[in-house]
Each structure stands twice: as structure tokens, then as C-alpha cells.
Amino acid sequence: MSLVAAARPVSERIACELFDRLQLLAAQYSVYTPVSEVIRPTRMGGYTPKHLQVVLTQNDPEVNDELGCPGNPPATAFNLLFNIRCHVMPSERDTTVVDEIINTFDADVIRVVTDASIYGEMWYTLGGFAVNAEFQTRESIDADGSFVGFNLPLLVTYRTDENNPYNVRA
Amino acid sequence: MTLHDLIAADAVTVFTSTDDFAEVITYYPHRYYGEAARDPRSIKAVVFREQIQVLTQDGDTVAPVWQIHVANHATLGITSEELDLGGDQLEFPPRDGKPAETRTITQLIGQDHGMLILECR
């Protein structure tokens, strides 16, 4: 049997699972937030900002020493922060209060990722690949004034074999 | 002819002359709900290409940025009155020689009676 049991490492399978859940927003999941598209950027971006667009990126994983496990092989736990960037760029002629759009967009992102009717009560395992997942504080994106929106960080904790990042460890 | 008029005329004939540094690109006006359709049109512009910016919330993710200079003009450029930073787009080659791509206008960096300076991402 191959050491690499699956085609993708655990971190990538978590990213794909999160991406798949977010894509429901672009498939009429919510009548309030008709998301235009969900993007995982290429090296050079590969997208242009649009209203109600979601861009999924991630930070570097960090070892979580407390949740590692002894064994043969031992299991290494990681914290991986995903950034769910939600672009809010309505028409200048749109009279809707922008905070209303942001509040609704934020709520729908949380709802689509955690929907118990689709993923059960253990939504936070992200398809069985993670130990835990929890949303962090929402951050505004408006630093340079060119486009606004918010970033909704999702902190995911997962475990793999120390010597095989493709293998999920409970 | 007043200075005011000269600025407007020079924007079209000098600053966006395709014999010099300008090129022809396509402007796609945003259509808001219930509004009459506005057709895309060819305009003249000076394109400053791919100035890379790092998106800090995204770690190492970069976002190419283009700065576009166009005349503040209803047919040969874009008027400051019609510009909508919530959906207007421009189509131009992202790098010299590459096929044209559509990019969203994200910011009005500068404006006067003659010219608009736009940021595209």
C-alpha cells in the first residue's frame, strides 16, 4: 500500500471542502446574498474584484503542540487560518445601506459553512478532515479605499501523521 | 479659448493620442437594476501595467494593479459623471502582447476637467 493514501494532503482537502461549501453561495443558497463567484487565487491573483465575490486564501499553518499525539508514528496538529474575503462593491446608484449588505453577507457565509441540515452537527470537522473549526472576528477590508468588504477568518485545527501529511489522524 | 477648454482638448488630442503612448481599450459601463442598457465602447487610454500589491490579510497573495489614464469625455473617454465604481470594467491586455482581459475599475485616483486617473484590479 502506498504511503500516500490520498491524492491530496489534509490541508488541501480541508481547503477544497471549505471552497465547495462556499460555492453553494454562488448557486442560489441564499436569496439575500447572490454571490457572483468564489475564487481561490492563482499566484498572480487571477481574478478581478466584483460585488458579492468571495476569495478564499489561507495563511501558513502553525504547529499546535498541545493537540499533538504520541504514537508510532506520532500525530502532529496544525492550526490553519483561512481568510474568507467577501467583496462588497455595490453600484454607486444602489441606495442600500452598505452595512446591511455586509451584515447579511457575513451571516450567509457563516450559515453556508456551518449548515447542520447539510453537514450535520459536526460541521466543524469539514468533511472529517479537521479536529475543529471556529470563526474569528470579522475584519474590514477598506485600507486603501479602492474596494470594500470584509475578511471572515476561519481557524481550522487538524492532525496528520508526523511523517505523512496526507493521512488524517483523529 | 480658455485654459479650461484647452485642458479638455489636450486630454483627447495630446495626452491620449494613440500616436504616442495611448492605446484603444474597451469600456464596459455597469448596468444597475432597472436602468437602460449602456453599450460598451472603445476609448483611448494610457495604461500603466501590473504594479503588484500584496494583500496583507491574505499572507503572500498578490494583486496586480493597473493605473489607467483616460479623457474625461463622453465618447473618447469616460465622463466623471457616468463612472460607476461599483461595477464599471475595462478590457485591455494585462501585459503588452497578451490577449485582452476584463478588469474592474476599483478606484478613482484623480480627476479634473480633462482627465480621469483610474485604478483597475
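A residue counts as partly exposed when its relative accessible area lies between the buried class, under 20%, and the exposed class, over 50%. A:R40, at 31% relative accessibility, is therefore partly exposed. The structure is a predicted model, with an ipTM of 0.84 and a pTM of 0.88. Chain A and chain B form a contact that takes 28 residues from chain A and 26 residues from chain B. Over all chains, 13 salt bridges are found, and one of them crosses the interface of chain B and chain A.

**Confidence**

- For chain B the mean pLDDT is 88, and 93% of the residues of chain B reach 70 or more.
- Within chain B, helix 1 (residues 3–15) has the lowest confidence, at a mean of 86.
- The highest confidence in chain B belongs to strand 4 (residues 89–92), at 97.

**Interface of chain B and chain A**

- The size of an interface is often given as the accessible area lost when the parts come together.
- Between chain B and chain A about 2,100 Å² is buried, and carbon and sulfur atoms give 43% of that area.
- Nine residue pairs, with both residues at pLDDT 80 or more, are in polar contact between chain B and chain A.
- On the side of chain B that touches chain A, the elements giving two or more residues are strand 2 (41–54), strand 3 (62–71) and strand 5 (101–111) of chain B.
- Strand 5 of chain B gives the most to this side, with five residues.
- By residue class, the side of chain B that touches chain A holds seven nonpolar, 11 polar and eight charged residues.

**Fold of chain A**

- Chain A contains three helices and eight strands.
- Along the sequence of chain A, these elements follow the pattern α-β-β-β-β-α-α-β-β-β-β.
- The C-alpha trace of chain A spans about 60 × 35 × 30 Å along its principal axes.
- Chain A has 170 residues, of which 45% count as buried.
- A:G120 is placed in the loop between helix 3 (116–119) and strand 5 (132–135) of chain A.
- A:G120 has 25% relative accessibility and so counts as partly exposed.
- A:G120 and A:V88 are 32 residues apart along the chain, and their C-alpha atoms are separated by 30 Å.

**Salt bridges within chain A**

- The side chains of A:R40 and A:E12 form a salt bridge with an N to O distance of 2.8 Å.
- A:R40 lies in the loop between strand 1 (37–39) and strand 2 (53–58) of chain A, and A:E12 lies in helix 1 (residues 10–23) of chain A, so this pair ties together parts that are 28 residues apart in sequence.
- A:E12 has a relative accessible area of 23% and is partly exposed, as is A:R40 at 31%.
- A second pair, A:E37 and A:K50, meets through its side chains in a salt bridge of 3.4 Å, N to O.
- A:E37 sits in strand 1 of chain A and A:K50 in the loop between strand 1 and strand 2 of chain A, so that the pair links distant parts of the chain, 13 residues apart.
- A:K50 counts as partly exposed, at 31% relative accessibility.
- A:D108 and A:R111 also join their side chains in a salt bridge, at 3.3 Å, N to O.
- Because A:D108 and A:R111 are three residues apart in helix 2 (residues 98–114) of chain A, about one helical turn separates them.
- Within this pair, A:D108 counts as buried at 4% relative accessibility, whereas A:R111 is partly exposed with a relative accessible area of 40%.

**Salt bridges within chain B**

- In chain B, a network of salt bridges links B:R38, B:R41, B:E82 and B:D88.

Terms used: Residues numbered from 1 in each chain as written. Chains lettered and ligands numbered in written order. Heavy atoms only, no water. Contact = heavy atoms within 4.5 Å. Buried area = accessible area lost by both parts, 1.4 Å probe. Salt bridge = Lys/Arg side-chain N within 4 Å of Asp/Glu carboxyl O. Polar contact = N/O pair within 3.5 Å; in protein donor to acceptor, adjacent residues only side chain to side chain. Helix = DSSP H or I, 4+ residues; strand = E, 2+ residues; numbered from the N terminus. Nonpolar A, V, L, I, M, F, W, Y, C, P; charged D, E, K, R; others polar. pLDDT = per-residue confidence, 0-100. Buried < 20%, exposed > 50% of the residue type's maximum accessible area, 1.4 Å probe, protein only.
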